[in-house]
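Subject: Structure handover

Hello,

Here is the structure I promised to pass on. Please open it first, then read the notes below it.

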Amino acid sequence: MLTAFPRAVLAHARGIRFAFAHKGYLLLALVPFLLTLGIFTAGFWLFAASGDRILAFFWSPEASAAGGFLGALYWLYVHVAKYLLYLLAVALMYFLFMVTANILASPLYDVMAGRMLAAARGGKVAEAGLPWWRVMAEEVKKAVFVAAVPVLLVFVPVVGQFLAPVAAAGFLAFDFMDFAFCREEPRFATRLRRAAGRPMTLLGFGAPLLIPIVNIVLFPFAICGATLLYLDTLGQDAAESKRP
């Protein structure tokens with residue numbers, strides 16, 4: 001359990017090395033990179049231009065009439081809380097953009113995960129999956145669930161602001177690992193339950209993807225790292241469950 005988090009973090013480095021060692025995957029990763037870069041650039045410009053108005057929609061404290069020590073405490077509370085909410089908003093913004101990018105890039109991710117899984121299983125898993133439009137439709141349905149939980153947690157008083165990034169990291173990791181997982185376990189509820197049994201693995205892989213700038217570098221190779229991580233964790237569970 002204690003080693004699960006760092007192993008999941010290092011799965012990103014494994015995914016990058018794998019992509020550079022297999023040039024076919026590197027070319028496929030280029031398309032999600034360009035797509036993600038465009039979405040993130042547009043999102044950052046939108047937040048930079050309208051960040052105060054967006055934040056005011058959710059939280060706009062009234063000015064305090066108190067002076068002296070109490071006034072100083074209120075000023076500190078308002079400004080510290082404001083910048084903490086800025087950080088939360090940026091993290092959730094990147095999370096939602098990544099979910100959107102996953103939908104658009106899902107046909108490519110499905111191909112990459114299918115090839116890696118078929119090679120790892122010695123051809124026992126079919127490399128070909130669903131048609132591209134079915135893959136995107138399934139990803140849209142999954143994205144509604146994956147995106148809804150962290151966003152709704154933001155509106156839970158006090159604890160919600162701390163739980164939302166944690167949930168976002170976990171669901172984002174699950175979303176990437178699920179491209180391989182769904183080929184061996186068709187039931188979404190079962191996949192979600194088994195993934196929930198490895199919370200540190202999910203957090204370790206998902207947390208770096210919420211760090212601005214860093215996630216732009218990691219995102220194109222995340223499907224490779226997630227598939228390798230799946231084979232070492234949930235994939236072993238799936239294989240053992242099918243043994244007689």
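A definition to start: the expected span of a helix is 1.5 Å times one less than its number of residues. Helices are DSSP runs of H or I with at least four residues, strands are runs of E with at least two, and both are numbered from the N terminus. Take helix α4, residues 132–153. This helix has 22 residues and reaches 32 Å from its first C-alpha to its last. That is close to the 32 Å expected at 1.5 Å a residue.

Some ground rules. This is a predicted model, in which local features need pLDDT of at least 70, side-chain atom pairs count only at pLDDT 80 or more, and totals for chains, interfaces and linings use all residues. Residues are numbered from 1 along each chain as its sequence is written, and side-chain values use heavy atoms, with hydrogens and water left out.

Confidence

pLDDT is the predictor's confidence in each residue, from 0 to 100. The protein chain averages 81. A score of at least 70 is reached by 78% of the residues. Which helices have the lowest and highest confidence? Helix α10 (residues 234–241) is lowest, at a mean of 70. Helix α7 (residues 199–206) is highest, at 96.

The overall picture

The protein chain has 10 helices and 0 strands. From the N terminus on, the order is α-α-α-α-α-α-α-α-α-α. Buried means under 20% relative accessible area, exposed means over 50%, and partly exposed lies in between (1.4 Å probe, protein chains only). Of the 244 residues, 44% count as buried. The chain exposes about 12900 Å² (Shrake-Rupley method, 1.4 Å probe). Carbon and sulfur atoms supply 73% of that area.

Contact means heavy atoms within 4.5 Å. Take the contacts between residues at least 6 apart in sequence. Of these, 79% join residues at least 24 apart.

Which residues of α4 are buried? They are V135, M136, E139, K142, A143, V146, A147 and P150.

Now the aromatic pairs. Rings of Phe, Tyr and Trp (its six-membered ring) pair if their centres lie within 6.5 Å. Planes under 30 degrees apart count as stacked, over 60 as edge-to-face, and the rest as tilted. The structure holds 9 aromatic pairs. One of them joins F145 and F171, with centres 5.5 Å apart and planes at 90°, so the pair is edge-to-face. This pair links distant parts of the chain. F145 is in helix α4 and F171 in helix α5 (residues 160–184), 26 residues apart. F145 is partly exposed, at 33% relative accessibility. F171 counts as buried, at 16%.

F176 and F219 form another edge-to-face pair, 5.5 Å centre to centre with 75° between the planes. They too sit in distant parts of the chain, 43 residues apart. F176 is in helix α5, and F219 is in the loop between α8 (214–218) and α9 (222–232). Buried or exposed? F176 is buried, at 0% relative accessibility. F219 is buried at 0% as well. Ring pairs also link Y109, F176, F179 and F219 into a cluster.

Four more residues to look up

- T201 lies in helix α7. It is buried, at 5% relative accessibility. Leaving aside neighbours within four places in sequence, T201 is in contact with A4, A8, L229 and T233.
- T227 is in helix α9. It is buried, with a relative accessible area of 0%. With neighbours within four places again left aside, T227 is in contact with A113, M116 and A180.
- D110 is in helix α3 (residues 68–120). It counts as buried, at 10% relative accessibility. R194 and L234 are 40 residues apart along the chain, and their C-alpha atoms are separated by 7.3 Å.

Best wishes
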